[in-house]
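Here are my notes on this one, written as I would talk you through it. Keep the viewer open and check each point as you go.

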Amino acid sequence: MDQAIFQGLIEAGTVPPDRLIAFDIDEAQSSVAVELGGRTTPNAEALATDSNILLLATKPQHIESALETIRPGLTSDTLIISIVAGIPISFIQPVLGNDIHVARVMPNTPALELRSASCSAGVYISVVAGSLQNKTNLH
């Protein structure tokens, strides 16, 4: 699903391909960024440090360790957009801290064909659209 989101953002002109940076414990998955014109980074800590918008797309069973790993690299200017199934903002926010902006977006299957409607939630969701326009990096 993250590939479809990245591709849609690039095709819509919202994010230039060279601003796309990815990390996945499965190197084959992170190579999607390279295929789309972006790059990979060696670890999640580096990704968090280099990002001001971060798409969180991990398996639910790995969410806690993923959050702990990225937390040191985040700042109060970071926006986390989670597409992790079944994990509410109320779980993510306390781990990352209240100064980190967190939004949750649940894209549907047609996103894989770049024809999708998504449901979004979060205190900071109103800033997501503006952030995508104003922030320089989407990872």
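1. Residues are numbered from 1 along each chain as its sequence is written, and side-chain values use heavy atoms, leaving out hydrogens and water.

2. (Two strands pair if DSSP finds at least two bridges between them.) Look for Leu54, whose bridge partner in S4 is Ile80. Together, S3, H4 and S4 form a right-handed β-α-β unit. Right-handed here means that, with the strands pointing away from you, the path from the first strand over the helix to the second runs clockwise.

3. Now check both faces of S3. Ile53 and Leu55 on one side are buried, and so are Leu54 and Leu56 on the other. (Buried is under 20% relative accessible area, exposed over 50%, partly exposed in between, with a 1.4 Å probe and protein chains only.)

4. On to H4, where Ile63, Ala66, Leu67 and Ile70 are buried. They sit on the same side of H4 because they cover an arc of only 95 degrees around the axis; the arc is taken from the directions from the helix axis to the C-beta atoms. The buried residues of H4 pack against H3, S3, S4 and H5.

5. Just after H5, Gly97 takes a positive phi of about 110 degrees.

6. What about the cores? The largest nonpolar core has 19 residues, and Leu67, Ile70, Leu74, Ile80, Leu96 and Val102 have the most contacts inside it. (A nonpolar core is a set of buried Ala, Val, Leu, Ile, Met, Phe, Trp, Tyr and Cys residues joined through side-chain atoms within 4.5 Å.) H3, S3, H4 and H5 each give two or more residues to this core, and H5 gives the most, with 4 residues. Apart from it lies another core of 14 residues, including Ile10, Val15, Ala33 and Leu55.

7. Is Thr41 buried or exposed? At 9% relative accessibility, Thr41 counts as buried. Not counting residues up to four places away in sequence, Thr41 touches Ile21, Ala22, Phe23, Ala46 and Leu47; contact means heavy atoms within 4.5 Å.

8. Finally, confidence. The protein averages a pLDDT of 79, with 75% of the residues at 70 or above; pLDDT is the predictor's confidence in each residue, from 0 to 100. Confidence is highest in H4, at a mean of 94, and lowest in H6, at 49. Over residues 131–139 pLDDT stays under 50. Where pLDDT is low, the predicted coordinates should not be read in detail.

Key: Predicted model: local features only at pLDDT ≥ 70, side-chain atom pairs only at ≥ 80, totals over all residues.
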